[in-house]
Amino acid sequence: MLEINNLSAGIENKKIINNVNLKIKKGEFHVIMGKNGTGKSTLGNILTGKENYIINNGTITFKGNDITTLSPEERACKGMFMSFQYPVSIPGVNSMHFLRTAVNSIRKHQNKDEIAPADFIKEFKNKLNLLGLDDDFSKRGVNDGFSGGEKKRFEIIQMLMLNPDLVILDETDSGLDIDALKIVADGINSFRTKDKSFILITHYHRIVQYLSPDYVHVMLNGTIVKSGQEQLAIDLETKGYDWLIK
Amino acid sequence: MKQKNYYTANTEKWKYTKINQFDSYSFDFKPTNSKVKIHCENNEIILQNGILNNIGSNLLDKQIIISNINDSNNHAQNIQNKLSINEDVKFNNKNINFYTGLFLYIPKNINENISIKNIVDQGHEKRFLNLNNYIYIDENSKCNITYDEEITCSSCIYNSYQLYVGNNSELEFTNINNRIDGSKAINNYDINMQTNSKMTYHAMDISGKLIKNNYNINLNKAGANCYFNGLNIASQKNYTDNYIEIHHNTNHTFSNINYNIIAQDKSQSIFFAKTIINENSSSCEAYQNNKNIILSEQALIQSNPQLEIYNDDVKCAHGSTTGQIDEEAVHYMRTRGINEILAKQLILHSFLADIINKISLKNLKTKLNNKIENYLKNVN
């Protein structure tokens with residue numbers, strides 16, 4: 001699904017990602033943990049094609065093709081999705097209209113007809129209910145006036161509606177209360193199949209326990225310093241990161 | 001005849017637009033009257049070059065008086081000489097000859113939607129076609145009026161509107177300025193509002209080579225409520241100048257201005273609002289909000305929201321924001337598969353829809369939203 005080889009990247013003269021190697025197969029769930037400011041979100045931004053980042057070295061291959069020169073929308077249309085740590089508010093742009101435009105953009109890329117408005121509304125309302133949000137959300141501006149938790153739930157709704165193959169979840173658990181965390185984790189789990197792959201960026205084991213990942217990686221100073229399984233996340237919870245710094 | 005003196009270079013409303021550019025123009029274009037009737041919808045009034053051409057069947061037999069302005073004196077007598085029709089207005093010391101215009105009288109206790117279309121097919125590049133439109137809404141009536149000009153020849157138009165909203169009446173007025181042909185327009189509005197009257201005005205300045213709007217709104221009696229909404233999409237070398245003056249002449253009056261501008265290319269757009277609360281006008285509320293998006297380095301927006309308050313017992317606020325499209329928002333949308341141009345169009349359309357959605361007529365709202373969607377396809 002995704003293969004990152006010897007990736008070094010940064011912004012202007014600052015090197016943030018340093019020789020990262022990561023291979024994610026179909027159906028796998030990977031977790032990346034690490035201290036604040038170690039480049040986890042930057043890696044997510046680079047994967048989804050955010051401008052202003054400079055790739056100094058290495059390749060990113062998605063579904064067998066190099067994507068480093070593709071625009072964010074081309075990557076999304078090929079099946080990549082990122083749930084943002086801080087989803088941006090777009091006042092005035094209606095949530096439902098925005099999401100229908102997104103769904104249709106991706107369908108157009110796949111040579112499919114536009115989704116019928118009635119079908120879309122039905123599906124959208126189903127997803128809103130699944131994530132415990134009111135139907136009224138469809139009338140509101142994108143993330144406009146949403147609480148932190150509502151924003152994170154809306155990210156998961158977008159994931160479910162856009163049906164990507166690779167999902168990057170950037171601190172989707174931050175700002176969620178215990179009940180909301182369970183709802184969001186259930187939303188993610190409902191989307192897991194043998195064809196979908198995930199990268200979860202997080203600081204805490206509490207969401208990891210709901211998601212039973214295949215691999216846990218630790219990133220420090222822009223490099224993956226250790227990889228393991230769920231036990232590694234439990235160890236980090238008790239020991240912190242210092243024992244990994246040589 | 002009382003001569004109005006505010007169409008000269010010395011007045012504030014001509015601060016930004018140079019009035020002297022019209023020195024080589026005359027204000028005397030006289031259209032010829034066509035005998036051919038143009039098709040008309042049931043609630044429509046058709047003017048051709050400002051001359052009354054056809055009236056929709058729904059508007060007949062309701063005591064509504066619809067006539068050419070120059071034939072209106074008899075009607076004016078009938079409605080107790082309330083009218084003082086403009087006949088001798090001067091523009092920078094030039095005489096304006098009002099040969100045409102609409103006289104519309106809505107009697108008491110009427111609830112009506114009216115669409116006025118002025119089809120302009122005669123004109124001159126340097127001679128203004130002058131319209132004197134007088135609309136009088138009598139007491140306890142509710143009226144929704146749309147005014148749209150369809151221009152098929154190169155022309156310049158001087159519109160003088162006088163609107164009167166009587167006691168306990170409501171007027172929703174939508175004026176569509178979509179002069180894609182490159183014609184020029186100067187629009188002067190004198191609006192008078194009476195006890196417990198409400199006016200919602202929608203200024204849809206979609207496009208035009210030169211649009212100069214001067215509004216003079218008087219809240220004369222207690223309970224007068226004025227909602228002024230407007231939008232302007234300025235592109236190429238187009239120029240729009242809005243001067244909005246609202247006078248709170250008495251207690252318990254309310255005004256709220258919301259005007260959104262998008263300027264691109266080498267266009268210029270001016271928002272200049274002045275709300276004046278008189279010394280004797282207590283318990284008034286006045287708000288002004290101007291939001292602007294500027295899309296190119298050469299485009300220019302002037303924003304000048306002013307409040308002149310001479311009374312302590314008021315609630316007032318004014319604000320203005322000018323910025324570019326939020327690149328973070330565009331990136332967010334792109335990560336959802338929406339291409340960059342479409343993402344920008346969505347943001348801009350929403351910015352304008354904020355104003356359009358204040359229109360209560362669903363069909364008109366849809367029509368304007370479609371018009372704007374088409375227009376924004378050229379934005380890059």
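Start with strand S2 (residues 44-48) of chain B and its partner, S3(B): they pair in the antiparallel sense over 4 bridges. By pairing I mean at least two DSSP bridges between two strands. Helices (H or I, at least four residues) and strands (E, at least two) are DSSP runs, numbered from the N terminus. Within this pair, B:Leu47 stands opposite B:Leu52 in S3(B).

Before going on, a caution: this is a predicted model, so local features need pLDDT of at least 70 and side-chain atom pairs count only at pLDDT 80 or more, while totals for chains, interfaces and linings use all residues. Residues are numbered from 1 along each chain as its sequence is written, and chains are lettered from A and ligands numbered from 1 in the order in which they are written.

Back to chain B. That pair belongs to an open sheet of 10 strands, ordered S3-S2-S8-S10-S12-S14-S16-S18-S20-S22, with mixed pairing. Which strands stand at the edges? Strand S3 (51-55) and strand S22 (314-323) of chain B do. Each has a single partner strand, so one side of each is left without a neighbour in the sheet. From one strand to the next, the twist averages 10 degrees.

Helix H4 (residues 362-376) of chain B lies across strand S10 (142-151), strand S12 (170-178), strand S14 (198-207) and S16 of chain B. H4(B) runs at about 25 degrees to S14(B). Axes here are lines fitted to C-alpha atoms, for helices over the stretch in contact, and angles run from 0 to 180 degrees between N-to-C directions.

Stay with H3(B). It has 17 residues and reaches 24 Å from its first C-alpha to its last, close to the 24 Å expected at 1.5 Å a residue. The expected span is 1.5 Å times one less than the number of residues. Is H3(B) mostly covered or mostly open? Mostly covered: 12 of its 17 residues are buried. Buried means 20 or more other C-beta atoms within 10 Å of a residue's own, exposed means 12 or fewer, and partly exposed is in between, with C-beta atoms placed from the backbone. Among the buried ones are B:Leu346, B:His349, B:Phe351 and B:Ile356.

Now the interface. 17 residues of chain B are in contact with 19 residues of chain A. Contact means C-beta atoms, placed from the backbone, within 7 Å. Helix H2 (327-334) and helix H3 (340-356) of chain B each supply at least two residues of the chain B side. The largest share, 7 residues, comes from H3(B). By class, that side has 8 nonpolar, 5 polar and 4 charged residues. Ala, Val, Leu, Ile, Met, Phe, Trp, Tyr, Cys and Pro count as nonpolar, Asp, Glu, Lys and Arg as charged, and the others, Gly among them, as polar.

Over to chain A, and its own H3. Helix H3 (residues 95-109) of chain A has 15 residues and reaches 21 Å from its first C-alpha to its last, close to the expected 21 Å. Its buried residues include A:Phe98, A:Leu99, A:Val103 and A:Ile106. What do the buried residues of H3(A) pack against? Helix H2 (72-77), strand S7 (90-94), helix H4 (117-130), strand S8 (141-142) and H5 of chain A, together with H3 of chain B. Just after H3(A), A:Asn111 takes a positive phi of about 60 degrees.

Next, H5 and H6. Helix H5 (residues 148-162) and helix H6 (residues 178-191) of chain A pack at about 10 degrees, with their axes 10 Å apart. That makes H5(A) roughly parallel to H6(A), the term for angles under 35 degrees. A:Ile156, A:Met159 and A:Leu160 are among the H5(A) residues that meet H6(A), where the partners include A:Val184, A:Ile188 and A:Phe191. The contact has 7 nonpolar, 2 polar and 2 charged residues.

Last, the strands of chain A. An open sheet of 4 strands runs S2-S1-S4-S5, with antiparallel pairing. Its edge strands are S2 (14-24) and S5 (65-66) of chain A. 7 bridges join strand S1 (residues 2-11) of chain A to S2(A), and A:Ile11 stands opposite A:Lys14 in S2(A). Elsewhere, S6(A) and strand S9 (residues 166-170) of chain A pair in the parallel sense over 4 bridges. There, A:Ser83 stands opposite A:Leu169 in S9(A).

Methods
Parallel < 35°, antiparallel > 145°, perpendicular 65-115°, else oblique. Contact = placed C-beta atoms within 7 Å.
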